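Me: I would like to learn how to read domain contacts and a nonpolar core in a model. Please start with the terms.

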Amino acid sequence: MNEIVINLHMHTTYSDGSGTHADIVQAALQAGLDAVITTDHNVLVNGPAGYYQDGDRKVLLIVGEEVHDQTANPQKNHLLVIGAGREMAELAEDTQHLVDSVNKTGGMAFIAHPVDPAAPAFGEPDISWEKWEVENYTGIELWNAMSEFKSLMKNWMRAIYFGFNSKLVAHGPFIETIQKWDQLLESGKRVVAVGGSDAHAFRVSIGPIRKTLFPYEFHFRAVNTHIFTKQPLSGDFNQDHDMILDALGNGHCFIGYDLPAPTRGFRFNAQGKDSTVGMGDEIEINEGVTLQIHIPQRAECRLLKDGKVIKTWKKREICTYIATEPGVYRVEVYLRYLGVKRGWIFSNPIYVRD
Ligand SMILES: [Zn+2]
Ligand SMILES: [Zn+2]
């Protein structure tokens with residue numbers, strides 16, 4: 001198993017981000033990421049995808065896009081499209097057709113910021129996902145770092161306070177988003193959860209002060225998606241691109257908030273009679289399945305079955321649990337950081353089937 005750290009969902013000067021693809025590559029190299037996925041609004045940017053190297057550091061740049069119906073008001077229902085290999089924005093009007101078309105190309109669709117509350121003090125509308133009747137998307141962006149900031153922008157004072165103290169913003173995915181995900185999982189669907197930064201590197205000026213709020217490098221050290229691949233990265237763009245997207249599509253990944261402490265090393269496996277599987281996999285219950293959790297440092301660990309906490313461990317690194325019932329099992333880990341208990345790790349589920 002190889003753990004690969006990626007950051008996905010971000011904007012460049014091709015849409016409303018302030019940096020270029022080169023700026024993003026530089027920030028990713030600085031932050032030590034393995035790969036980044038850019039997703040400009042309604043444009044698939046041709047050209048920049050590839051491997052970039054600086055000394056002995058390397059980063060893979062994958063280009064996707066964030067598609068929504070630009071004629072809608074407000075402009076809700078944003079969809080992250082990754083790996084389609086062609087422009088999809090012209091299909092935005094019919095969301096189900098868009099998702100089906102993405103699937104036909106072999107690409108993937110993820111619901112972006114499923115819950116994204118309005119910030120009336122700044123004229124920012126609610127741009128949550130509403131088309132829950134749409135089916136066959138790969139997953140949802142369970143944790144979107146910028147939606148969290150938006151939810152804190154109650155007035156100018158608070159916006160400035162959190163904008164200038166960006167480390168205080170992240171607490172975890174919204175409860176409503178987690179509940180929605182659990183409902184989807186309970187209905188029998190497989191839905192991959194990813195963490196996105198939605199990085200824009202906003203440039204603001206307040207009087208004489210000029211500042212970039214939430215620079216790319218800040219995001220790349222914060223909410224990341226950690227992926228497991230069978231082979232290590234080879235250095236060949238096409239091979240590694242396909243391997244990363246395959247792991248992502250199968251949910252072989254977890255969301256890690258790497259700012260309080262690195263989440264690298266987190267594991268969640270299930271050992272059955274004949275096999276051991278990981279996040280995103282299915283396993284038969286038979287006489288029972290042993291769930292094993294490894295946490296990179298002592299923290300509060302919650303095991304959930306079908307959306308309900310069935311066991312909590314405090315200050316533990318290794319946790320085991322024998323599951324005797326089929327269900328959708330997943331893990332949440334919490335850590336105290338800057339005086340507050342915060343979400344640290346959110347696993348993808350292991351599907352224990354009858
Ligand atoms: Zn969006
Ligand atoms: Zn976005």
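Reply: Two residues are in contact if their C-beta atoms, placed from the backbone, lie within 7 Å. This is a predicted model, in which local features need pLDDT of at least 70 and side-chain atom pairs count only at pLDDT 80 or more, while totals for chains, interfaces and linings use all residues. Residues are numbered from 1 along each chain as its sequence is written.

Me: Which domains does the chain have?

Reply: Domain bounds come from an automatic or database domain assignment. Here that gives domain 1 (2-257) and domain 2 (267-330 + 344-353). Their centres, taken over C-alpha atoms, are 26 Å apart.

Me: How many residues of domain 1 are in contact with domain 2?

Reply: 18 residues of domain 1 are in contact with 13 residues of domain 2. On the domain 1 side, β12 gives the largest share, five residues. Strands (E, at least two residues) are DSSP runs, numbered from the N terminus.

Me: What is a nonpolar core?

Reply: In soluble globular proteins, nonpolar side chains tend to be buried together. A nonpolar core is a set of buried Ala, Val, Leu, Ile, Met, Phe, Trp, Tyr and Cys residues joined through C-beta atoms within 7 Å; buried means that 20 or more other C-beta atoms lie within 10 Å of a residue's own. The largest such core has 96 residues, of which Ile6, Ala35 and Val36 touch the most other members. Strand β16 (residues 289-305) supplies its largest share, eight residues.

Me: Why does this core lie between domain 1 and domain 2?

Reply: Because both domains give residues to this core.

Technical notes: Chains lettered and ligands numbered in written order. Buried ≥ 20, exposed ≤ 12 C-beta atoms within 10 Å, placed from the backbone. Helix = DSSP H or I, 4+ residues; strand = E, 2+ residues; numbered from the N terminus.
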